[in-house]
Amino acid sequence: MNRRVRRKTLQAKGNVTEAVTKGPVNEVEAVVCLAKEEREVDWSSLPDDTVVALFSLLNYRDRASLASVCRTWRFLGSLSCLWTSLDIRAHNLDSTTASSLAKRCSKLRSIRFRGASAGNVVINLEAKELREMNADGCRDLTDASLSMLAARHQRLESLQLGPDFCEKITSDAIRVVALCCPRLKRLRLSGLRDVDGVAIGALVEHCRDLSELGFFDCMNVDETALGNAASLRFLSVAGSRNIKWTAASQLWVSLPNLVALDVSRTDVTPDAAFRLLFSESLKVLCALNCGSLDAGVFLAYNSKTKVLLARFTDIVKGIATLSQDSHSAPNLSGMKRINHYNNTSNNNSKISNVRNSRIGDNKSSEVKEWLEWVLSHALLRIAESSTPGLDSFWLKQGTPILLNLLGSLQEDVQERAATALATFVVIDDETATVDPARAEAVMHGGGIGFLLDLAKSRREGVQSEAAKAIANLSVNADVAKAVAMEGGISILAALARSPNRWVAEEAAGGLWNLSVGEEHKGAIAEAGGIRALVDLVFKWPSGGEGVLERAAGALANLAADDKCSMEVAMAGGVHALVMLARFNKHEGVQEQAARALANLAAHGDSNGNNAAVGQEVGALEALVHLTGSHHEGVRQEAAGALWNLSFDDRNREAIAEAGGVEALVTLAQNCGNASQGLQERAAGALWGLSVSEANSIAIGQGGGVSPLIALARSDVEDVHETAAGALWNLAFNAGNAWRIVEEGGVPALVHLCSSSGSKMARFMAALALAYMFDGSAPKTGSLEAARRMAMRHIEAFVQTFSDQQCLSVAATSWAPAALAQVAEAARIHEAGHLRCSGAEVGRFVVMLRNGSTVLKSCAAFALLQFTMPGGRHAMHHASLLHKAVAGRVLRAAAAAATAPLQAKVFARIVLRNLEHYPAEAM
């Protein structure tokens, strides 16, 4: 199939120009650009037939928009010749709207709709000339509704309901269809509980031209009655159960006109399949995923006149043979016995072979079209079932077949093939895990280009399913790169602006997956993807949870990049995301909106987004409220957002005023069995709030100490590290220090100080213990044992960063090189991100005068970390030390004869660090 959109002839001043292009997303824009290349067009002077030709290139929504330009175009846009087909699956039409469209639908031939309610609206279109009706999502469609549809459209030739199960349709409705629609040629129904002989008999009696029947995934089908349908050329009972195959094969083999039979996903027996293959008229037997046939069964048949399509045959080769117009009689010498795959060529050559095949006559063309339809349906059902043990089938046969079906001339086949590609690559929905071999097989087979071409189609159903497939495939990093290289980002960004919610939703999902890769974020921004995603939030503020979750998820990924986060804010993303967090009740949307706000707030040092989020009306209150959600993911992301926001002084106090302290303490108390991510963020948010002494006291008084101690006992480094940080802040207050002791926090901190694999966790645990026993807390006999244990482990911790030989050399010479060597060995790089208040720095200075040699060493070690050049807040800490006139204390500590060697050397290093930030410069 030529994968370009064929544009109709444009006539201008008697000259005919054929415009053929690669199908841009905006069809109107393409036509305008094409016309401008020829000459400046006076649109009001265009001939009527030219305007009609242009209108025919558009979907009905764009056509209706252009019809509002002027009276002439309104008249031309309503011509019935432009309204021969209609796809309303993405729209909720009411009876009034349908009635207003009725005048245009007098020659409507084909309609597609979704849902039982839409079926009731279709009746109001009064399309008496309707020939084809195709509906999905019809689980709630009743006998009464289907009977009314049949009675109002008696010229129907094709009726298709599925692939969703029509659970409320019975044989009674089928009989009504047979009586009302005598011209019916094709009937495809899915998921019926029972198709009895009376219903099938009515179809046989009244629909004399009936050539195709499809009963998919039905509970019971009367196989005997089907044996009387002499006019049938195509029959499918794929997925149907309780068929008596011995009787069925004996009866169906005698059907004089039966050319193709689909028994896929059934329990057809080998004997029945063998018997059916000896039907004189039968050319094709499709038996995909039939358990009794797939288990190494030998079947003999004439491979020159028959095509058997099963997992153990070469399906692609079988399809290709249909292009040969062979009518020779059966030849027993040509019998073929099969029990294995016959795959000798690679996938690309298979696709090419099928695409280059040509059908010789109309009957063969009908077989090809039917086969495309049943294959797309069967493969989608197999993909949805996630049947194990099919890896080899998907890689060797399924992938090339689906890529071939993308080139079908049938729109619904293209849609199902794209949906099947989107489905079969996903092996775990919960974790969004994609099978890399399957995804790469699609990529290497040229599938990315095929899907992107479909995504540029003007048919919105095809656009939606192609975008879904691209989105799922892009979970694989290599495929994502291929999508980007082939221009997929610009295509998805354009589709995200579609007025069709389903198209926009899948495009947003594609951008969400692509935005995981750091290398794609800038390209998405350059393609206008950020603006498009933000606009989606305002376009569907409610009722479109799928598109909102995907848009918010993509914005969350993009906001993790500093430059893109600023673009998100400039595009109105802060207001949009806060609006979702405040008003949307869908948990998936809430989770992604909170995650996006958390990422926006994570760039406090480089842009103003942190403050902007905090200042947005209702933002902090909404996030505090979400920490009480029943959904763990929502709680986790809301706590993460509050953690990041708490780094801003004003936000910190505002969060507390919004009830954040109480909410986060409650969250910490209830997250003992929660995920590691939630535990980390709950502790982290309390850590951030506890920077304020008032909040610290409130956390201690509100019961926050006990859950933080419990989290400090976690074996997960990220969890116990953040808990240690919160306990360090809390221990600054004497009342909290006492609570930590009473709640059994000393053993937990001692364990961290000595055993954690995180240097930061050990460091902050040591500082918390130092605060608790530096003399600020009340002294009692019961504390003495805990104090001795704490001092012993603090000393051991400091010594792990001290090489005695290097310390001795440095203390002897005070040479810069020797001091630098000690400083580098002692340095904890992550500690440079910590920011202390003046009171905290002052406390370490006072600790240098403490009688405990352990506390002196600990204080000097801490000040060394906070003032190391290159640290994020080193200048801030140096300024605080200068203001506190700490130089004298540091010099005294460095010169004290009785001070421990570590304290003396570390104090001298701090003095050298301060030289990088002289007081005059402060």
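Guide: Two strands pair if DSSP finds at least two bridges between them, and strands (E, at least two residues) and helices (H or I, at least four) are DSSP runs numbered from the N terminus. This is a predicted model, where local features need pLDDT of at least 70, side-chain atom pairs count only at pLDDT 80 or more, and totals for chains, interfaces and linings use all residues. Residues are numbered from 1 along each chain as its sequence is written, and side-chain values use heavy atoms, with hydrogens and water left out.

Visitor: Okay, which residue is the bridge partner of Ser85 in β4?

Guide: Start with β3, residues 85-87, which pairs with β4 in the parallel sense over three bridges. Ser85 has its bridge partner in β4, and that partner is Ser110.

Visitor: Through which helix does the chain cross from β3 to β4?

Guide: The β-α-β crossover from β3 to β4 is right-handed, meaning that with the strands pointing away from the viewer, the path from the first strand over the helix to the second runs clockwise. The helix it takes, at residues 95-101, is α5.

Visitor: And how many bridges join β4 to β5?

Guide: β5 covers residues 132-136 and runs parallel to β4. Arg114 stands opposite Asp136 in β5, and the chain gets from β4 to β5 by another right-handed β-α-β crossover, through helix α6 at residues 116-122. As for the bridges joining β4 to β5, the count is five.

Visitor: How many of the residues of β4 are buried?

Guide: Buried means under 20% relative accessible area, exposed over 50%, and partly exposed in between (1.4 Å probe, protein chains only). β4 spans residues 110-114 and is largely enclosed by the rest of the structure, because the buried share of its five residues is four.

Visitor: Zooming out, what share of the protein chain's residues is buried?

Guide: The chain's secondary structure comes to 50 helices and 18 strands. Its accessible surface is about 37500 Å², with 49% of that belonging to carbon and sulfur atoms, going by the Shrake-Rupley method with a 1.4 Å probe, where for residues only the protein chains shown count as cover. Out of 922 residues, the share that counts as buried is 57%.

Visitor: How many residues does the largest nonpolar core have?

Guide: A nonpolar core is a set of buried Ala, Val, Leu, Ile, Met, Phe, Trp, Tyr and Cys residues joined through side-chain atoms within 4.5 Å. In the largest one, Trp728, Phe763, Leu769, Phe844 and Phe906 have the most contacts inside it. Apart from that core lies another of 87 residues, including Phe55 and Phe312. The residue count of the largest core is 225.

Visitor: Where is Phe312 found, and how far apart in space are Phe312 and Leu288, C-alpha to C-alpha?

Guide: Phe312 is found in the loop between β15 (307-309) and α14 (315-321). At a relative accessible area of 8%, Phe312 is buried. In sequence, Phe312 and Leu288 are 24 residues apart, while in space their C-alpha atoms are apart by 9.0 Å.

Visitor: Which residues does Ser464 touch, leaving out those up to four places away in sequence?

Guide: Ser464 lies in helix α21, residues 460-473, and counts as buried at 7% relative accessibility. Taking contact as heavy atoms within 4.5 Å, the residues that Ser464 touches are Trp502, Val503 and Glu506.

Visitor: How many disulfides does a search of the whole structure find?

Guide: A disulfide is a pair of cysteine sulfur atoms within 2.5 Å. Cys138 is buried at 1% relative accessibility, and its sulfur is 5.5 Å from the closest cysteine sulfur, in Cys166, which is too far for a bond. Cys70, by contrast, is partly exposed at 32%. Across the whole structure, the number of disulfides found is zero.

Visitor: Which peptide bond is cis, with omega near 10°?

Guide: Look in the loop between β6 (158-161) and α8 (171-180), where Pro163 lies. The cis bond runs from Gly162 to Pro163.
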